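Here is my note on the model you asked me to look over.

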Amino acid sequence: MRGILLSLLLAFSLGAHAGEAQPNAEDPIIEQRLIKLAEDLRCLVCQNESLAGSHAELAEDLRREIREQMKAGKNDQEVIAYLTERYGDFVLYRPPFKPVTYLLWLGPLLFLALGAGIWYLTLKKRRAVKTLTVDEKQLAAAAQLLEEK
Amino acid sequence: MPPEAAHALEQAAKAQYTRDSRTRRAPADGQCTYTEETHMIPELGHFAIILALLLALAQAVLPLVGAQRGNLTLMAVARPAAQGQFVFLLIAYACLAYSFLVNDFTVENVARNSFSQLPEVYRFTATWGSHEGSLLLWVVVLAFWSTAVSVFSRHLPDDMVARVLGVMGLISIGFIAFLLLTSNPFERLIPAPPDGRDMNPLLQDWGMIIHPPMLYMGYVGFAVAFAFAIAALLSGRMDAAWARWSRPWTTVAWAFLTLGIVLGSWWAYRELGWGGWWFWDPTENASFMPWLAGTALIHSLAVTEKRGAFKAWTVLLALTTFSLSLLGTFLVRSGVLSSVHAFATDPARGAFILGFLAVVIGGSLILYAWRAPKMITGGLFGWFSREAMLLANNVILLAAMGAVLLGTLYPLVMDALGLGKISVGPPYFNAVFVPLMAPALFLLGVGPLVRWKGDSLPDIVTRLKWALAVSVVTGFALPFTLEGFNPWATLGFALAIWIILTVVIGFRDRLKHGARLASLPRAFWGMQLAHFGLAWGILGMTLVANYEQERDVRMNVGDYTTLAGYTFTFRGTTEHDGPNYRAARGTVEVSRDGKPLYTLRPEKRIYNASGTPMTEAAVRYSLTSDIYVSLGEPLDEEAKTWAVRVYYKPFINWMWFGAAFMIVGGFLAASDRRYRIAVRRQESPAGAAVQGA
Amino acid sequence: MKRWIPLILFAVLVGFFAKGLFLNPREVPSPFIGKPAPAFSLPVVGSAAQTFGPTDMKGKVWLLNVWAPWCVSCRQEHPVLMQLARERAVPIVGLNWKDKDREAAQLLAQNGNPYVAVPDDLSGKTGIDYGVTGTPETYVIDRDGIIRMKHVGPITPEVWEKKFEPKLKELGA
């Protein structure tokens, strides 16, 4: 943090000489926060792109708005609330966890649980009576023969 | 577009027109501008499609009836009909390609998707750049697979071949009818415009040349597995031989689909300018779901082939995999989902495809419900057996597929139920997919080492405990040597190293019993290479996702910035024009410790026809990392200062290499001796026996 | 009976898809329906001193039409708005959105001005406050300043008849 401030200070004092390129953003810390947040937000005028990467004008406007909010000290939750108040949940790429999306978030777990249940029941039906104990070498030799066939 | 620019473009196009003397005279306003030589080719193409439809009808109806009745003559129609259909579709395809190559703008498809200044290679790839053209490619690829089946099926019983080709013929009928009725690629546009509307600049990359055909080879290729499954249900005959016959076809289709998906991902990485390679976009998901189901299928087929178990399940999985391919085709063209990748959408077309889907998939599932219980299933196995491991593989892969399907369709379902509109994007998919796949990847290490029917858990634990310890320790240690504790990186590293170690153990075990590397069966090599490739890919993915770095800076001529030990010096931009675009080409010198290494030249292009700006990143590829530079916007009037983004992507190429191993492994496994012996045996004089129904 | 499960699941899916063909995945409902119109105070096009805000319309049912001089669809909508203004159906306020080239005044002088006021949202911030993603978009606001309806896209005679008229009647316009 100090390093960045120092180099910024240095850069300004060096004036317009060719030197270390300055970050495009005024405040790299906020910018990082912005990008991380914007990656989880939808560009509303694009077909399917995040707010972080889009070059659309509305996307630029919204990023500018978010930057200002962050500079004013708002945290991520407040910025998200600001956007959803105006654009609804559609703007979030990470769907909120509310009753209407319980099935969405819990679904994969349910699928896995269902699958595990099927696995268990199938195996119960198919259990071999006993696993024979055979000399390992003989087994391997037999396997070899089968493979070559 | 502002009127002055449009006018300027029109003038430029007209000027280009008079220079392009291949097929045009300078047009006077309102005059017809197509010459005699191109006049009939589109109609020829159209006619060829109609003939192909007739052949598809023959290919479908006659052999299926013949197989039902045991009529050899009718069954014998299948092969020549399939081959004939392929020939005519190739002719149609050639006609469309020709129209593009000679800039025949009287063909609407050409006018919409091409441009006279478009380089020749992209004019050719434009044949599949549109909805109509890509559908034509779809049916050509389907006909290709039908032809391949017709050629490589001498060892199969006649009724099976008849049914397989017959079912593929039915699918062909549906798609060709769709083409002719709603999406004719040879639709004329008269009077022809002076020039085309140009191809989307994002498609003007050589990724476009191979990604769609390979993707189609994969996802359409699963139609073969589907057809085999239907044939099994229709004939009521399902034995291990059936699995052995359909397995190589399925594995090859899977390998092509892997290739298609990876090419798409690599192309996005290079073209989109911000270094991302997977966005969980609905169209990407549309190809990933059949891949997940297809992977489950090739593993399930192993059990059916070796042990005669899971027959009904494998059949259902084969039906599901191709159904997912069809579903993907529907999603991308119907407009029900919003995607960067979707073709121009039309609900009328969407309705046709949905109807077709309902008939094909619904029909196959009805057949399944009716006939599957009749399948006698075999094989008993214990809790700790190869079968149990493979069943676990299937369960997890299908849960993952279900999760992707759920996320992709949830917005649609909510909207249809009037519950509002939401978006489901990468944060959701990444959050659910990775935890789901982790246990599968762990089991991947164990499964191949466990014996069929039953094995001893204590034995396996003894054999693997060192590998487990090494993986876990390295998984934790590696991030510490880099940037410190990182649980995601640990997970990725541990799983990848675990798989690699178990692959090595697999080889060691085989060699221990006296075999030589070269004499190990191809199926085994294929499996090992594919699993190793997956692990290597995961290693690459973990490294790049966790350790990539980027700088977004404002650069004036002479400015420099540093990243990952490299220094990037900006030397300004120069004007540089391409065949169909104007560009500002930047020069960025890259050095390390004062020693100059190489120069990168990113471009910012404006395409002539559409005025679309595009950034063409400059990438320096190497085994251990990619250095990626892209130009943003000029920040001042004279374009002396630019916004430049510099990325360091460590080990990203390991992802592509890993995928290459998976693909090679797939092809290798499909060419295993036991599939080829069957073919060879039939070519001997004694093998000409006719088999009845 | 479990052999019928795949078919049943598929049938349900097809049902959703069939419904989906009639929906537009890009059409986003406004979260403002039933909520107060966000406050603003913007200078008015064509007058240096005047400002306009939604409180100026309290007590009336009115339309807030978000438009821009550079917007092609707005030109298509314009004659319809002119007709509505002539009939004095309901007062229309035209929010001039992101008019960087300052063309609004000239355009309205040339083609006619259907608006009772033209607040100037140069930065687009007020648009963001209303959840605007493009032009034209029209809001129906009631006497108490509550947003009752939002229409995305140009107002055509059919849209007016089917969507707006019933709503306005309901609000007692």
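Predicted model: local features only at pLDDT ≥ 70, side-chain atom pairs only at ≥ 80, totals over all residues.

1. Residues are numbered from 1 along each chain as its sequence is written, chains are lettered from A and ligands numbered from 1 in the order in which they are written, and side-chain values use heavy atoms, with hydrogens and water left out.

2. Chain A gives 47 residues and chain B 58 residues to their contact (heavy atoms within 4.5 Å). The area buried between these two chains is about 4,800 Å², with 63% from carbon and sulfur atoms; buried area here is the accessible area, taken with a 1.4 Å probe, that two parts lose on being put together, summed over both. On the chain A side, A:Asn24, A:Trp119 and A:Arg126 lose the most area to chain B, together 15% of what that side buries.

3. Between chain A and chain B the rule finds zero salt bridges (a side-chain nitrogen of Lys or Arg within 4 Å of a carboxyl oxygen of Asp or Glu). Strands are DSSP runs of E of at least two residues and helices runs of H or I of at least four, numbered from the N terminus, and two strands pair if DSSP finds at least two bridges between them.

4. The contact of chain C with chain A takes 16 residues from chain C and 17 residues from chain A, and the area buried there is about 1,400 Å², of which carbon and sulfur atoms give 51%. C:Arg26, C:Ile128 and C:Thr133 supply 42% of the area that chain C buries against chain A. Across this interface the rule finds five salt bridges, and the side chains of A:Glu57 and C:Lys100 meet in a salt bridge at 2.7 Å, N to O.

5. In chain C, five strands form an open sheet of mixed pairing, in the order β5-β4-β3-β6-β7. Strands β5 (120-121) and β7 (147-152) of chain C stand at the edges with a single partner strand each, so one side of each is left without a neighbour in the sheet. Strands β3 (residues 62-67) and β4 (residues 92-97) of chain C pair in the parallel sense over five bridges, and C:Val66 stands opposite C:Leu95 in β4(C).
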